[in-house]
Amino acid sequence: MNYLGDSGADAGTEGEQWLRGRVHDPTSFRMGGVAGHAGLFSTADDLAIYCQMILNGGIYKGARILSPLAVATMTQPHAVSQDGAARGLGWDISTSFSTNRGDLFPLGSFGHTGFTGTSLWIDPASDTFVVFLSNRVHPDGKGDVGPLRGRIASIVAGAITDTLPEKARAEASSAAAELLASVARLNSSATRSANAPAAMPMDAQVLTGIDVL
(Lines give C-alpha, C1' and ligand atoms only; values in the text may rest on other atoms or scores of the structure.)
Protein backbone atom coordinates (compact mmCIF):
# COMPACT_ATOMS: atom_id res chain seq x y z
CA MET A 1 0.00 0.00 0.00
CA ASN A 2 1.93 3.01 -1.26
CA TYR A 3 0.06 5.51 0.91
CA LEU A 4 1.76 4.04 3.99
CA GLY A 5 5.05 5.63 2.94
CA ASP A 6 5.89 9.31 2.67
CA SER A 7 5.88 9.03 -1.12
CA GLY A 8 5.96 6.38 -3.79
CA ALA A 9 9.73 6.81 -4.04
CA ASP A 10 10.59 6.20 -0.37
CA ALA A 11 7.71 4.03 0.87
CA GLY A 12 10.10 1.12 1.38
CA THR A 13 8.83 -2.33 2.28
CA GLU A 14 5.79 -0.86 4.04
CA GLY A 15 4.49 0.24 0.67
CA GLU A 16 4.32 -3.34 -0.58
CA GLN A 17 2.20 -4.74 2.24
CA TRP A 18 -1.36 -6.01 1.86
CA LEU A 19 -3.21 -5.13 5.04
CA ARG A 20 -5.88 -7.36 6.51
CA GLY A 21 -7.10 -6.84 10.04
CA ARG A 22 -4.59 -4.00 10.47
CA VAL A 23 -5.19 -0.29 10.48
CA HIS A 24 -4.93 1.39 7.06
CA ASP A 25 -4.62 4.97 8.29
CA PRO A 26 -0.91 5.76 7.69
CA THR A 27 -0.37 7.77 10.86
CA SER A 28 -2.01 5.18 13.07
CA PHE A 29 -0.14 2.44 11.18
CA ARG A 30 3.20 4.05 12.06
CA MET A 31 2.05 4.23 15.69
CA GLY A 32 1.53 0.48 15.79
CA GLY A 33 -2.22 0.72 15.21
CA VAL A 34 -2.92 2.30 18.60
CA ALA A 35 -4.22 5.83 18.15
CA GLY A 36 -7.21 7.89 19.20
CA HIS A 37 -8.20 8.83 15.66
CA ALA A 38 -8.08 5.51 13.78
CA GLY A 39 -7.71 1.76 14.03
CA LEU A 40 -11.10 0.67 15.38
CA PHE A 41 -12.52 -2.45 13.72
CA SER A 42 -16.17 -3.49 13.82
CA THR A 43 -19.01 -5.01 11.80
CA ALA A 44 -22.14 -3.50 10.29
CA ASP A 45 -24.29 -5.37 12.82
CA ASP A 46 -22.35 -4.09 15.82
CA LEU A 47 -22.26 -0.55 14.46
CA ALA A 48 -26.03 -0.71 14.02
CA ILE A 49 -26.35 -1.68 17.69
CA TYR A 50 -24.13 1.24 18.67
CA CYS A 51 -26.14 3.71 16.57
CA GLN A 52 -29.43 2.46 18.00
CA MET A 53 -28.01 2.82 21.50
CA ILE A 54 -27.17 6.46 20.78
CA LEU A 55 -30.67 7.07 19.38
CA ASN A 56 -32.13 5.44 22.51
CA GLY A 57 -30.31 7.95 24.72
CA GLY A 58 -27.64 5.49 25.84
CA ILE A 59 -29.72 2.31 26.28
CA TYR A 60 -29.82 -0.87 24.21
CA LYS A 61 -32.19 -3.74 25.01
CA GLY A 62 -32.64 -2.50 28.55
CA ALA A 63 -28.92 -2.17 29.29
CA ARG A 64 -27.62 1.28 30.14
CA ILE A 65 -24.38 1.93 28.19
CA LEU A 66 -24.12 5.72 28.37
CA SER A 67 -26.01 8.19 30.52
CA PRO A 68 -28.58 10.46 28.82
CA LEU A 69 -26.48 13.51 29.72
CA ALA A 70 -23.38 11.90 28.20
CA VAL A 71 -25.22 11.38 24.90
CA ALA A 72 -26.61 14.93 25.00
CA THR A 73 -23.18 16.40 25.70
CA MET A 74 -21.31 14.43 23.06
CA THR A 75 -23.85 15.33 20.35
CA GLN A 76 -24.21 19.02 21.20
CA PRO A 77 -22.81 21.24 18.43
CA HIS A 78 -19.69 23.24 19.26
CA ALA A 79 -18.30 25.78 16.83
CA VAL A 80 -14.76 24.99 15.69
CA SER A 81 -14.44 28.00 13.39
CA GLN A 82 -15.95 31.46 13.19
CA ASP A 83 -17.87 30.55 10.01
CA GLY A 84 -20.05 28.11 11.97
CA ALA A 85 -18.38 24.76 11.29
CA ALA A 86 -19.40 22.48 14.14
CA ARG A 87 -18.36 19.26 15.81
CA GLY A 88 -19.51 17.35 18.84
CA LEU A 89 -17.36 15.29 21.18
CA GLY A 90 -16.23 12.56 18.80
CA TRP A 91 -18.82 13.49 16.16
CA ASP A 92 -18.84 15.54 13.00
CA ILE A 93 -21.93 17.77 12.77
CA SER A 94 -21.46 20.44 10.14
CA THR A 95 -18.02 20.84 8.57
CA SER A 96 -16.41 20.43 5.17
CA PHE A 97 -16.11 16.72 6.07
CA SER A 98 -19.89 16.29 6.55
CA THR A 99 -20.75 15.32 2.98
CA ASN A 100 -21.78 11.89 4.26
CA ARG A 101 -24.85 13.62 5.73
CA GLY A 102 -26.25 13.98 2.24
CA ASP A 103 -28.69 16.70 1.23
CA LEU A 104 -31.70 15.95 3.43
CA PHE A 105 -30.72 15.00 6.96
CA PRO A 106 -31.12 18.18 9.06
CA LEU A 107 -28.71 20.08 11.25
CA GLY A 108 -28.84 18.25 14.56
CA SER A 109 -27.88 14.96 12.95
CA PHE A 110 -24.28 13.83 13.34
CA GLY A 111 -21.79 11.26 12.17
CA HIS A 112 -18.25 10.05 11.76
CA THR A 113 -16.01 8.88 8.94
CA GLY A 114 -13.05 6.53 8.67
CA PHE A 115 -9.90 6.49 6.58
CA THR A 116 -11.01 3.61 4.37
CA GLY A 117 -14.23 5.41 3.44
CA THR A 118 -16.40 4.08 6.25
CA SER A 119 -19.16 6.26 7.61
CA LEU A 120 -21.90 6.58 10.20
CA TRP A 121 -24.65 9.18 10.16
CA ILE A 122 -27.32 9.38 12.87
CA ASP A 123 -30.47 11.50 12.74
CA PRO A 124 -32.48 11.75 15.99
CA ALA A 125 -35.30 13.66 14.26
CA SER A 126 -36.23 10.66 12.09
CA ASP A 127 -34.80 8.00 14.43
CA THR A 128 -32.61 6.86 11.55
CA PHE A 129 -28.99 5.90 11.07
CA VAL A 130 -26.88 5.03 8.03
CA VAL A 131 -23.92 2.66 8.28
CA PHE A 132 -21.59 2.62 5.29
CA LEU A 133 -18.58 0.29 5.23
CA SER A 134 -16.03 0.30 2.45
CA ASN A 135 -12.37 -0.14 1.62
CA ARG A 136 -11.76 2.73 -0.75
CA VAL A 137 -7.98 2.35 -0.52
CA HIS A 138 -7.91 -1.13 -2.07
CA PRO A 139 -5.90 -1.84 -4.10
CA ASP A 140 -3.88 1.30 -4.82
CA GLY A 141 -4.87 3.77 -2.10
CA LYS A 142 -6.57 6.15 -4.52
CA GLY A 143 -10.28 5.39 -4.19
CA ASP A 144 -12.87 8.03 -3.28
CA VAL A 145 -16.31 7.09 -1.96
CA GLY A 146 -17.21 10.52 -0.57
CA PRO A 147 -19.84 11.35 -3.20
CA LEU A 148 -21.33 7.84 -2.93
CA ARG A 149 -21.73 8.14 0.84
CA GLY A 150 -23.62 11.40 0.42
CA ARG A 151 -25.90 9.98 -2.27
CA ILE A 152 -26.74 6.94 -0.14
CA ALA A 153 -27.58 9.16 2.84
CA SER A 154 -29.86 11.27 0.63
CA ILE A 155 -31.61 8.15 -0.70
CA VAL A 156 -32.18 6.88 2.84
CA ALA A 157 -33.46 10.25 4.06
CA GLY A 158 -35.72 10.58 1.03
CA ALA A 159 -37.26 7.19 1.73
CA ILE A 160 -38.37 8.19 5.25
CA THR A 161 -42.09 8.91 5.18
CA ASP A 162 -43.15 8.58 8.82
CA THR A 163 -41.35 11.64 10.24
CA LEU A 164 -43.25 14.91 10.47
CA PRO A 165 -41.49 17.88 8.82
CA GLU A 166 -42.18 19.89 11.97
CA LYS A 167 -40.07 17.48 14.03
CA ALA A 168 -37.14 17.77 11.63
CA ARG A 169 -37.43 21.56 11.61
CA ALA A 170 -37.59 21.68 15.40
CA GLU A 171 -34.46 19.51 15.63
CA ALA A 172 -32.64 21.75 13.14
CA SER A 173 -33.77 24.94 14.90
CA SER A 174 -32.60 23.69 18.28
CA ALA A 175 -29.21 22.68 16.88
CA ALA A 176 -28.89 26.01 15.04
CA ALA A 177 -29.59 27.95 18.25
CA GLU A 178 -26.94 25.96 20.13
CA LEU A 179 -24.49 26.46 17.28
CA LEU A 180 -25.08 30.22 17.12
CA ALA A 181 -24.44 30.47 20.85
CA SER A 182 -21.24 28.45 20.42
CA VAL A 183 -20.09 30.69 17.55
CA ALA A 184 -20.69 33.75 19.75
CA ARG A 185 -18.58 32.22 22.53
CA LEU A 186 -15.84 31.33 20.06
CA ASN A 187 -15.79 34.86 18.62
CA SER A 188 -15.73 36.33 22.10
CA SER A 189 -12.85 34.14 23.19
CA ALA A 190 -10.98 34.91 19.96
CA THR A 191 -11.28 38.62 20.70
CA ARG A 192 -9.92 38.11 24.19
CA SER A 193 -7.14 35.89 22.85
CA ALA A 194 -5.92 38.74 20.66
CA ASN A 195 -4.76 40.44 23.85
CA ALA A 196 -3.84 37.22 25.63
CA PRO A 197 -2.70 34.62 23.05
CA ALA A 198 -2.14 31.97 25.70
CA ALA A 199 -5.79 31.98 26.78
CA MET A 200 -7.74 28.83 26.02
CA PRO A 201 -10.81 29.35 23.80
CA MET A 202 -14.00 28.32 25.57
CA ASP A 203 -14.88 25.67 22.98
CA ALA A 204 -11.34 24.40 22.41
CA GLN A 205 -12.18 20.98 23.86
CA VAL A 206 -13.67 19.91 20.53
CA LEU A 207 -10.72 20.93 18.35
CA THR A 208 -9.04 18.04 16.56
CA GLY A 209 -5.69 17.71 14.87
CA ILE A 210 -7.34 18.44 11.52
CA ASP A 211 -8.93 21.62 12.88
CA VAL A 212 -5.65 22.84 14.37
CA LEU A 213 -3.66 22.11 11.21
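So, β6 and β7 form a hairpin with five residues between them, and in that turn Gly117 has a positive phi of about 100 degrees. The two strands run antiparallel, with four bridges joining them, and I call strands paired if DSSP finds at least two bridges between them. Gly111 is the residue that stands opposite Trp121 in β7. My element names are DSSP runs numbered from the N terminus: helices are H or I with at least four residues, strands are E with at least two.

A quick word on where this comes from. This is a predicted model, where local features need pLDDT of at least 70 and side-chain atom pairs count only at pLDDT 80 or more, while totals for chains, interfaces and linings use all residues. Residues are numbered from 1 along each chain as its sequence is written, and side-chain values use heavy atoms, with hydrogens and water left out.

How many of the five residues of β7 are buried? Five of five, across residues 119-123; buried means under 20% relative accessible area, exposed over 50%, and partly exposed in between, with a 1.4 Å probe and protein chains only. In a regular strand, side chains alternate between the two faces of the sheet. For β7 both faces are covered: Ser119, Trp121 and Asp123 are buried on one side, Leu120 and Ile122 on the other.

Now to empty space. Rolling a probe the size of a water molecule over the atoms shows where some is left. On a 1 Å grid over the protein atoms alone, a cavity is a set of points where a 1.4 Å probe fits but cannot get out; a pocket is an open set with protein on both sides within 12 Å along at least five of seven lines; and lining residues have an atom within 4 Å of a point. Points are joined across faces, edges and corners, and the volume is the space filled by probe spheres set on them.

The structure holds one cavity of 30 Å³ or more. The largest cavity has a volume of about 30 Å³, and its lining is Asn100, Ser119, Trp121, Val130, Phe132, Arg149 and Ala153. The elements giving two or more residues to that lining are β7, β8 and α4 (146-158).

The second largest pocket has about 160 Å³ of space. Its lining includes Leu104, Phe105, Asp123 and Ile160, and divides into nine nonpolar, two polar and one charged residue.

One more residue, Thr95, in the loop between β5 (92-94) and β6 (110-113). Why does Thr95 count as buried? Because its relative accessibility is 16%. The Thr95 side chain reaches the backbone nitrogen of Phe97 at 3.0 Å. Leaving out residues up to four places away in sequence, Thr95 touches Ala85, Ala86 and Arg87, where contact means heavy atoms within 4.5 Å.

And the whole chain, to finish: six helices and eight strands, with 36% of the 213 residues counted as buried. Of contacts between residues at least 6 apart in sequence, 43% join residues at least 24 apart.

Definitions and conventions. Polar contact = N/O pair within 3.5 Å; in protein donor to acceptor, adjacent residues only side chain to side chain. Nonpolar A, V, L, I, M, F, W, Y, C, P; charged D, E, K, R; others polar.
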